Amino acid sequence: MKCGTAVVAVWFAALGAMHGAVLAQERIYRCGNEYTNDAVKGRQQGCQLLEGKHVTVVHTSPKPATAKASTVPGSSAAQVRPEQQKARDDSARAILEAELAKAQARLQALRAEFNEGNPGKTALELRNPQVFQERVEALKAQIARQEADVAGIQRELARRTGG
């Protein structure tokens, strides 16, 4: 029994030492935008002790100096020659016109399938009217979505042409 008491005493001593170590790790000082767990440095610099607060550190790499230079207004790297810009605008307009043609063709196909609200019924739909109703509702939703797509592309084209 005496051996068991000694083991328990050692266990409590070890637990107390670990508890002290955990508490020592929790003392974090804030020095402006810097954080430190060095108590001496924290006291010398007059840093604020953060008690009971968790600190998360996110390491980031500094941005290269060349990235700042390219974003300066008026720099030659940010400017595009007028003929290049016109070629880009023409290319974008051609892409939008092709997308508009595809969207309008898809809308026409959906409207033809919808057939003014009376689409043709399949054998399954003849036996199960609920399936038919679900298909009609899905077609309505697809038509509405396609109409919105066409309108959006037309707005973008109008914006690019200035009116």
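The buried residues of helix α4 pack against helix α6 (129–161), where buried denotes a relative accessible area under 20%, exposed one over 50%, and partly exposed the range in between, computed with a 1.4 Å probe and with protein chains only. The model is a predicted one, in which local features need a pLDDT of at least 70 and side-chain atom pairs count only at pLDDT 80 or more, whereas totals for chains, interfaces and linings use all residues. Residues are numbered from 1 along each chain as its sequence is written, and side-chain values use heavy atoms, with hydrogens and water left out.

Overall, the protein has six helices and three strands, helices being DSSP runs of H or I with at least four residues and strands being runs of E with at least two, numbered from the N terminus. Read along the sequence, these elements follow the pattern α-β-β-α-β-α-α-α-α. Of the 163 residues of the protein, 15% count as buried. The protein exposes about 13000 Å², of which carbon and sulfur atoms supply 56%, the areas coming from the Shrake-Rupley method with a 1.4 Å probe and, for residues, with only the protein chains shown counting as cover. Among contacts between residues at least 6 apart in sequence, 46% join residues at least 24 apart, a contact being defined by heavy atoms within 4.5 Å.

Helix α4 spans residues 82–114, and its 33 residues reach 47 Å from the first C-alpha to the last, close to the 48 Å expected at 1.5 Å a residue; the expected span is taken as 1.5 Å times one less than the number of residues. Helix α6 likewise has 33 residues and reaches 48 Å between its first and last C-alpha, close to the expected 48 Å. On α4, the buried positions are A92, L96, L100, A103, L107, L110 and F114, while on α6 they are F132, V136, L139, I143, Q146, V150, I153 and L157. The cover over the buried residues of α6 includes α4 and also α5 (123–127).

L139 and R111 lie 28 residues apart in sequence and 8.5 Å apart in space, C-alpha to C-alpha.

Just after α4, N115 takes a positive phi of about 55°, although N115 is not a glycine. N115 lies in the loop between α4 and α5 and, at 42% relative accessibility, counts as partly exposed. E116 lies in the loop between α4 and α5 and has a phi near 55°, a positive value in a residue other than glycine; with a relative accessible area of 74%, E116 is exposed. Helix α6 is followed by G162, whose phi is positive and near 85°.

The three strands form an open sheet in the order β2-β1-β3, with antiparallel pairing, and two strands are taken to pair if DSSP finds at least two bridges between them. The edge strands are β2 (34–36) and β3 (48–50), each of which pairs on one side only. Neighbouring strands of this sheet are turned by 35° against each other on average, direction ignored, with axes given by lines fitted to C-alpha atoms, for helices over the stretch in contact, and with angles running from 0 to 180 degrees between N-to-C directions. Strand β1 (residues 28–31) and β3 pair in the antiparallel sense over three bridges, and I28 stands opposite L50 in β3.

A search of the whole structure finds one disulfide, defined as a pair of cysteine sulfur atoms within 2.5 Å. This disulfide is formed by C31 and C47, whose sulfur atoms are 1.7 Å apart, and the link is right-handed, with 105° about the S-S bond. The pair links distant parts of the chain, C31 being in strand β1 and C47 in the loop between α2 (39–44) and β3, 16 residues apart. C31 is buried at a relative accessible area of 19%, and C47 counts as buried at 14% relative accessibility.
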